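Here's a quick tour of how some charged side chains pair up, plus a peek at one helix. Have the model open and follow along.

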Amino acid sequence: MFGFWKGKIEMASKTRIKPKPKTWSLLGDVRRKPTPYEVVTSKFHTHFRRDPQPFEHAGMPLNGWYLQYREGSPFQVEDWEQFRDPYKLTYRDYVAVQDEREVFVDKLIDQHERGESARGLTPEWVATLERLLVPLRFPLHILQMTGLYVGQMAPSSFITNCANFQAADEMRRIQRVAYWTKVLANAHGDRLASTDAARTSWEHDPLWQPAREALERLLIAYDWGESFAALNLVIKPLLDTVFNVQLAALAGENGDEFLRMLFTEFGEDSTRSQTWSAALVQYCIERDPQLADVLVGWIGQWQPLMLEAVSSLGQMFEKAPQSMAAVDLTEAVASAQHQHLQACGLRMPSGGHER
């Protein structure tokens, strides 16, 4: 009897079907354990490419908006889900990284507030900051809002995360600029912290108006692909170079070590923005080379507006006490954008600013 059951057990063990290796179905048959980044990001946009409308309820105006400006955009590839952020940031990762950098900025502010470095700035340099730095929160808010729009309209959460983290970067820049504006006001007069004064400069200062025109046009670039191209390939890279690089250098020339270090620190956020933007452009061009022409077309529309804006802002730089006269701001900024577009794999046509 014992031998009978022993034989049955041995036969069952030999004929048992081995289970298939476990995989993550959302990623396809990859036969590997997904990363935490992939687990919390893959296919979270349940409203993309759902026929006949993106969202649950038919007839919603929201459906028409997405169908026109996202599904209807010429900036399309067959599969967006294979794109990856080069930094592979989750929300948790982003918060951890930025927390360390915010600690650094907090200590930098504490150091310069204790030393009352703002009081040591010359009246001429403060006048430059009143015109150049104080209104800056208005264009930065537009960069933030447009980043959120790109994230909201993006066809994959892998792209949305990148755009939303970029928008969060803009908020930290806005917060720090606003805080230091109040420090300057405490040292040099309440007018510096007046919202009306800042708004008046933004809306009526002739040297701000070309930038204002470009940025306010950006707010109505509804096609998600054009919005991405205008923001991340033209407007933001140019403005980031003006302020995070050139204003930082100008501050150093004028003895403002705090602003030099602060805007240099913001440059790390700019680098991350340009890195993921280049990765997305390369991803798309590899799948459809004709998309390079689509992007170059948009860049050609937006770049003249922004180069005019940079040239206008450059006149404020020239009026600074120590003006860095040897530096051609427009040329320096255009050169930086040229390098960014090269990293994206894009070449502007003959006669443009890129080649």
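Let's start with a network of salt bridges: it links Arg 101, Glu 102, Asp 106, Asp 169, Arg 172, Arg 176, Glu 265, Glu 268, Asp 269 and Arg 272. A salt bridge here is a side-chain nitrogen of Lys or Arg within 4 Å of a carboxyl oxygen of Asp or Glu, and by this rule the count comes to 23. Keep in mind that this is a predicted model, where local features need pLDDT of at least 70, side-chain atom pairs count only at pLDDT 80 or more, and totals for chains, interfaces and linings use all residues. Residues are numbered from 1 along each chain as its sequence is written, and side-chain values use heavy atoms, leaving out hydrogens and water.

**Pairs to look up**

- Arg 131 and Asp 205 form a salt bridge, with their closest N and O atoms 2.6 Å apart.
- That pair links distant parts of the chain, 74 residues apart: Arg 131 sits in helix H5 (residues 123–132), and Asp 205 in the loop between helix H8 (195–204) and helix H9 (209–218). Helices are DSSP runs (H or I, at least four residues), numbered from the N terminus.
- Asp 205 is buried at 9% relative accessibility, while Arg 131 is partly exposed at 29%. Buried means under 20% relative accessible area, exposed over 50%, and partly exposed in between (1.4 Å probe, protein chains only).
- Arg 260 and Glu 257 also meet in a salt bridge (2.4 Å, N to O); both lie in helix H11 (residues 257–287), 3 residues apart, or about one turn.

- Asn 63, Tyr 66 and Tyr 69 are buried in helix H3 (residues 61–69).
- Seen down the axis of H3, its buried residues fall within an arc of 160 degrees, so they line one face of the helix. That arc is taken from the directions from the helix axis to the C-beta atoms.

Note on methods
Helices (H or I, at least four residues) and strands (E, at least two) are DSSP runs, numbered from the N terminus.
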